[in-house]
Amino acid sequence: MFVCWIWWLGLLSHCKKAVGLNAVLGFTNIFSLYPQQTDLNSFLWTIKRDPPSYFYGTIHVPYTRVWDFIPENSKQAFQESNIVYFELDLTDPYTISALTSCQLLPQGENLQDVLPRDIYRRLKRHLEYVKLMMPSWMTPDQRGKGLYADYLFNAIAGNWERKRPVWVMLMVNSLTEADIKTRGVPVLDLYLAQEAERMRKRTGAVEKVEEQCHPLNGLNFSQVIFALNQTLLQQESLRAGSLQVPYTTEDLIRHYNCGDLNSIIFNHDTSQVPNFNNVTLPPNEQATAQEIDSYFRQELIYKRNERMGKRVKALLEEHPDKSFFFAFGAGCQSSLANSGRENKDILTS
């Protein structure tokens, strides 16, 4: 399902730190949040009203790897809710179409026309390496389900020469052995959307595709080239064996199943946009990396959280008799909890 590939490219969850809840949501006047702590993962918060509503923190890995660790109270809250809201509407065909369109270069342009020659050649060489290696990365379970390497490569990297460089950078980050091994099973977010549809629940989204695409497309050309070059350098170092990945998908799953919201690796899943700050960079490149980080924090974290918060507040006020289940990236839920703990009239643990 094409939406899976888009989702796994990491377009949907960039939350790291919430804007203060008092300012954004005015929670003190509407409801209070209470975390549902259990011995398993603790990613459910109750919005105390009648009927109650819920925030639930999701993760972008195959749902089968985490489902058995999700407490029954979280599953029950999902089942009993009237309306389920996600960051994007993953079951809407327009979402798929718009996500595809926003990644493309203007009509008539190709990557070879816009990238420096050296970077284009390195990119092409790396993608050839990935395509060659992908059959050995596939698991027996994937092959048993009829998921073949050529199909998977085309699903992820097809039409890559027409994509904007920033989306190619994200694509390259997703073309790793660890990520390839997770393909073929819906990630938790998508699974919940499919279940909500199967249960005939009303569903919706608090964001528009354009609101996630435009900030990425808003980087200037020199920043995008720097980001793509740094991404290729990292992948080339991994291939040469001179660099080790500091965390793996397995690490991420283990921390999620243990309810660890504070791990540094957890921010990797929830930020998705790579952090290019590196003490080994020369001063001028460090400045560029910091500019990119600052831009993404402003556009994809602070502004995004404020926008989402206002829409959640409006939905709750508009439908006081309905029970909502808001399923957002777990980093967002961590932000809600952490901000709430600083305002004890909003959140108590």
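Which residues do ring pairs link into a cluster? I started my notebook with that one, keeping in mind that this is a predicted model.

**Entry 1: the rings**

I looked up the ring pairs and found that they join F55, Y85, F324, F326 and F328 into a cluster. For the structure as a whole, I noted 15 aromatic pairs. I then picked out F55 and F328, whose rings form a tilted pair, with 6.2 Å centre to centre and 50 degrees between the planes. F55 belongs to strand 3 (residues 53–58) and F328 to strand 6 (residues 324–329), so this pair ties together parts that are 273 residues apart in sequence.

**Entry 2: two helices**

Next I turned to helix 13 (residues 209–217) and helix 17 (residues 283–318), which pack at an angle of about 165 degrees with their axes 10 Å apart. Angles over 145 degrees count as roughly antiparallel, and helix 13 and helix 17 are therefore roughly antiparallel to each other. I also wrote down that their crossing is right-handed.

Which residues make the contact? From helix 13 I listed E211, Q212, H214, P215 and L216. Helix 17 brings Y295, F296, E299, L300, R304, R307 and R311. Sorting the residues of this contact, I got five nonpolar, two polar and five charged.

How values were computed: Residues numbered from 1 in each chain as written. Predicted model: local features only at pLDDT ≥ 70, side-chain atom pairs only at ≥ 80, totals over all residues. Heavy atoms only, no water. Axes fitted to C-alpha atoms, helices over the stretch in contact; angles between N-to-C directions. Helix = DSSP H or I, 4+ residues; strand = E, 2+ residues; numbered from the N terminus. Parallel < 35°, antiparallel > 145°, perpendicular 65-115°, else oblique. Left-handed = near helix turned anticlockwise from the far one by under 90°. Contact = heavy atoms within 4.5 Å. Nonpolar A, V, L, I, M, F, W, Y, C, P; charged D, E, K, R; others polar. Phe/Tyr/Trp six-rings, centres within 6.5 Å; stacked < 30°, edge-to-face > 60°.
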